[in-house]
Amino acid sequence: TDRGDAEQLRSRIAAELERTRARTLLLTEAVDDADLVRQHSPLMSPLVWDLAHVGNQEELWLVRDVGGREPVRCDIDDLYDAFKQPRRDRPSLPLLPPAEARAYLATVREKVHDLLDRVAFDSRRLVADGFAFGMIVQHEQQHDETMLATHQLRAGPAVLHAPPPPEPAARVAGEVLVPAGPFVMGTDTDPWALDNERPAHRVQLPAYFIDAAPVTNGAYRDFIAAGGYDDPRWWSEPGWRHRQEVGLSAPMHWRPDGDGWAYQRFGRWDRVRDDEPVVHVCFHEAQAYAAWAGKRLPTEAEWEKAARWDPATGRSRRYPWGDDEPTSAHANLGQRHLRPAPVGAYPAGASPLGVHQLIGDIWEWTATLFRGYPGFAAFPYREYSEVFFGDDYQVLRGGSFGTDGAACRGTFRNWDYPIRRQIFSGFRCARDARPEQAHR
Ligand code: AVJ
Ligand code: FE
């Protein structure tokens, strides 16, 4: 019945809100108050800013817009407006102290639960299928991932703990041929898909090869050892300029260790493991590696076809493994582990064509600039995606170990500046197939 459906949606939303809030609290209770208000990197906000910003967005979108209720606090909107306050300036703002920020979040959340009990999930798109609630869940999860990246930049002993990811259960190597032909990119039907994932549209692609797995630390070390960082032939012009300017020589958080490398993760040093996807590289590094390897980065459409296209039916799936929500057997998502899993660890998450670990582990840089799909319509605000369209941002796909399953799908699009690498970013390579290879 419709009533039963609405009740089911209500309890699912309530559960997602609570699950997400538990993660937010975990990330902000792992450190003391001094650590919460400190800026750990000029690239990041103090954790206490993210904390209250999450509450402020929830107040704006749910309490005020959907609920039409009185403001909880209208005096702090500007402080937590990401467009008005650049990250580097946020520590000098008169921010709510940690205890006040937590109390603010709790007050807003109480009102949201009240609203959720009364709202009719009618056909207005903001409330239909719980979209506005889903958007808030995803927004908080996105900031949780950002806070996780702040933790990675934080100096001092480890405060976050998680079991290691699974070991490889399949041998995965080489490339997969994706035959020429159309596929449906984006979605009209995924209830919580954001505006930039819409509308669904047919894209015609020539045949191409795509790596069956993300590029590993071992492969990336070969690029370093071959002098890849010192050879402008492999780098784009802006890439080489950036490499020179900041002296790039290895992924972020790596340091030489004897005859090999070690990396720092959340306050612990470890030997670099060869079979793990490389992480903390910028777009320019990814592009240089691909050129050195005789390949290129996949376009966003190539990534999505490899992830979603089912050759048996011609349909596009929600995820590589099908339409079901991710479980711990499918992908390394949701901060269950504090690093990418080795290649071959998720055979159950492979796509029909045999492409592995597209979802989870690391965000994958693509060759595509962040733009609207044909027929794009901003919803509910231009500020969510549209203001970022243009030539500045590169699309990343697939989500990382720090991305929650609620904020990740085969259609999900992330974006960042091509020089950024404090995010959990890696990549895989692709290349054109010659016409005689286009059919197997
Ligand atoms: C989609 C990850 C690029 O963090 O800037 C958070 C998500 N938007 N608050 C970001 C977002 C508004 C966004 N990214
Ligand atoms: Fe935000």
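How many strands does the open sheet have, and what is their order? The open sheet has 4 strands in the order β10-β9-β8-β11, and the pairing is mixed.

## About the model

This is a predicted model: local features need pLDDT of at least 70, side-chain atom pairs count only at pLDDT 80 or more, and totals for chains, interfaces and linings use all residues. Residues are numbered from 1 along each chain as its sequence is written, while chains are lettered from A and ligands numbered from 1 in the order in which they are written.

## The sheet

Helices (H or I, at least four residues) and strands (E, at least two) are DSSP runs, numbered from the N terminus. Two strands pair if DSSP finds at least two bridges between them. The edge strands are β10 (413-416) and β11 (425-426). Each of these pairs on one side only.

Strand β8 (residues 363-369) runs parallel to β11, and 2 bridges join them. In one of these strands, β11, Gly426 is the bridge partner of Glu364. Helix α9 (residues 300-308) packs on the sheet and touches β8 and β9 (394-397). Touching rests on contact: C-beta atoms, placed from the backbone, lie within 7 Å. The direction of α9 makes about 135° with that of β8. Axes are lines fitted to C-alpha atoms, for helices over the stretch in contact, and angles run from 0 to 180 degrees between N-to-C directions.

## Around ligand 1

Which residues surround ligand 1? They are His139, Gln142, His143, Thr146, Asn414 and Trp415. Each has its C-beta atom, placed from the backbone, within 6 Å of the ligand. Helix α5 (131-153) and strand β10 each give two or more residues to this shell. α5 gives the most, with 4 residues.

## The listed binding site

For "binding site", an unreviewed UniProt entry lists His53, His139 and His143. UniProt positions are given in the numbering used here, feature names are shortened, and annotations may be inferred rather than shown by experiment. The three are spread over 91 residues of sequence, yet they cluster in space. Their largest C-alpha distance is 10.1 Å.

Is His143 buried or exposed? His143 is buried, because 24 other C-beta atoms lie within 10 Å. His139 is partly exposed, because it has 19. The cut-offs are 20 or more for buried, 12 or fewer for exposed, and partly exposed in between, counting other C-beta atoms within 10 Å of the residue's own, all placed from the backbone. Leaving aside neighbours within four places in sequence, His143 is in contact with Asp50, His53 and Val54.

Conventions
Contact = placed C-beta atoms within 7 Å.
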